[in-house]
Amino acid sequence: MDVPPGTFVVDQADVLSSSEESRLESEVAQLRQDTGESLYVVYVDQFPNGDRAFVQDFADTNSLSTNDTVLAIAVETRRYALDAADGSQLNAMQDDITRTYVTPSLQKNTTGDTPDWLAPAVAAVQGVDDAADGTLDGRGESGQEYTPDGALPQGEGGGATTGSDSGSGAAGALTGGLVAAGLGAGGYLVWKRSRKDHSRTPERGQIASAPAAPKDPLDEMPLEELHAKAGSKLVAADDAIRSSEQEVGFAEAAYGADAIATFKEDIATAKEHMRASFQLQQQMEDDIPDTEEDQRRWLKEIIGRCDEVGAALAAHQKEFEQLRDLENRVPDALGELGSAVPAAEEKVTEAEQTLVRLHSSYADSALAEVGDNAEQARERLDFVRTAEEKARTSWDAGDRPTAALAVRAAEEALDQVRTLTEAVRRAEGTLAETMEHLRQGVAQCRQDVAEAQAVVDSGRSPELAGPTGGLKAVLQDVRTQMDAGRPDPVDLIHRLEAAHRQLHAPLAGVRDAREHAMQASRMLPSAITHAQGQIDGTADFISARRGAVGPEARSKLSEAARTLDAARGMRTSDPAEALDAAHHASDLAERASELARRDVTSFGMQYGGAGFGQGFGGADRYRRRGGSSFGSGLGGAMLGGILINSILNSGGSSGGSDWGGGGFGGLGGGGLSGGDFGGFGDLSGGSF
């Protein structure tokens, strides 16, 4: 079960109402804020391989850490398990939490015609809260004291009731008249916050002492591991936003802008956290040394903000799924896909023809971001067909969840086809514009060289001599490559801008301020256009290959966009500063592109293929890595982040573990929890 990032309540059994789920999410969020401990509450119909295996698999799949605890409840088979990781401060107390909080609430509230499934989860929140701050007193929900063997003392609650070991957990199954809280659903939040008293008066003879503040496991984590955890969360959160944007785009096309306004607001909130996180990441990647204290503080903020990304995207996930209702409209969705594929194939053919023209006009290095786009697009189309077949087979077999997830994957792959082919079309225009900007830049640089040389020849400002000579040499080399044919205009304009910046600053000292600002204003529009083109191209490259691209490239791209926005904001007030900012944004985008391409190359080498369209997409290569038989296009799907640790034909009634990617709320953006959950001790749970 791969849960969306930042999600701590998973109601796969569909036993909670929307208001109950929201209430429980608030309780868990408050627990995290108060104690630093996280509680995952998972409702399923049954545990496929037993409670122990289910909780262990859940922790492994979602990379839970040592401050995470899992409460899993199988509502049909009436089994449950609560477990904290080895190394957690709660591990030794999980039996007490189960015996005195969870079990009584399960027994009291989940019988009869209208079971109250919210109650045991809230009881678990209370138990974790008590255990985390050292006030676990064995009194549970009812406030009555329980003995270590799970029995009520005589005279309390109407007689003794003992516990028995179920064979799969330490708490076992408790029977009889245990007393649990009798609050209705509307009173949980009030009970949770009002019952707690952290300043209880000590008994006579005891020395009053404040409970020890809970340790933050992130403070104990080695700095290198903390960097890795934050990096994995950044990637997962960014992918979750991208997947959610795609899903909302599909919904808007079907239902209109009004129907998806709320979900767009959720994405906007998530993006604010993402931008701040990338800015913090960029601070640690710049040339300014940072102390370990600063790095820890920033990394912890990144992790917290990434969790908030998940929470924002999950806020209305149920409503979004109800809007799309894919599980009930798979045949219609397949019909829409079938109608869209021929047009997509035409776009791929056009992209192939465009790339032939571009390769005849520009150097291969100028096409580094789009050179294999047509090949990649064909591989995504292969996967669309494979996913369509999977959806039909699953639908015919009555497995609607898997069919819906297959449709989602096909939609996402088709959207990547559009991204890849549109990037080729846009590259043709961008390269033509860049060539024109390059010609204008050459003309402007020649004027500046002539002006600077005249100043040097007059005996004034000898400091201009070096930068003037450097720009002259670059101008000559640029002109030579332009005349030779098949230039790389992006590389040439970067070289020209770098050399011009060396002259620009000292030349400003001998110019009239008004004249200097006017020249910057003339150069600024082309600089902004050039930087925006680079940012857009790199964003498309990452979007269609996000399964391979790591956090560094993404943070550089985010910083490039932020810097270009700043340049636009200074166009009127300070054009010279705006010009410098636009050039810097262009440099950042180029660096992001280099890093992203490096990541993709490394990804290809890891999976044994240099070219994903030819070497990587074959089934045999993946099968050697432990996969099973499947249709074509899997390589491209993995590179595009559509499949995460998945095997296409492994099936299953839920389908949730077989498909990644897609889904509002970032379904399939695995790894966001980060960290190492560690091993499990004895599970605390049993039957109810």
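Two strands pair if DSSP finds at least two bridges between them; the strands themselves (E, at least two residues) and the helices (H or I, at least four) are DSSP runs, numbered from the N terminus. What you are viewing is a predicted model, where local features need pLDDT of at least 70, side-chain atom pairs count only at pLDDT 80 or more, and totals for chains, interfaces and linings use all residues. Residues are numbered from 1 along each chain as its sequence is written, and side-chain values use heavy atoms, with hydrogens and water left out.

**Stop 1: the hairpin**

Select residues 68-74 for strand β3 and 79-84 for strand β4. They form a hairpin with four residues between them, and R78 in the turn has a positive phi of about 55°. The pairing is antiparallel, over six bridges; click A72 and you will find its bridge partner, A81, in β4. Five of the six residues of β4 are buried (under 20% relative accessible area; exposed is over 50% and partly exposed in between, with a 1.4 Å probe and protein chains only).

**Stop 2: strand β2**

Now select residues 38-44, strand β2. S38, Y40, V42 and V44 cover one side, L39, V41 and Y43 the other, and all are buried. β2 pairs with β3 in the parallel sense over seven bridges, and V42 has A72 as its bridge partner in β3. To get from β2 to β3, the chain passes through helix α2 (residues 51-61) in a right-handed β-α-β crossover. Right-handed here means that, with the strands pointing away from the viewer, the path from the first strand over the helix to the second runs clockwise. β2 also pairs with β1, again in parallel, over three bridges; look for D11, whose partner in β2 is Y43.

**Stop 3: the aromatic rings**

Show the side chains next. How many aromatic pairs does a search of the whole structure find? There are four, counting rings of Phe, Tyr and Trp (its six-membered ring) with centres within 6.5 Å; planes under 30 degrees apart are stacked, over 60 edge-to-face and the rest tilted.

Select F8 and Y40: their ring centres are 4.7 Å apart and their planes at 45°, so the pair is tilted. F8 sits in the segment before β1 and Y40 in β2, 32 residues apart. Both are buried.

F263 lies in helix α8 and F320 in helix α10, so the pair ties together parts 57 residues apart in sequence.
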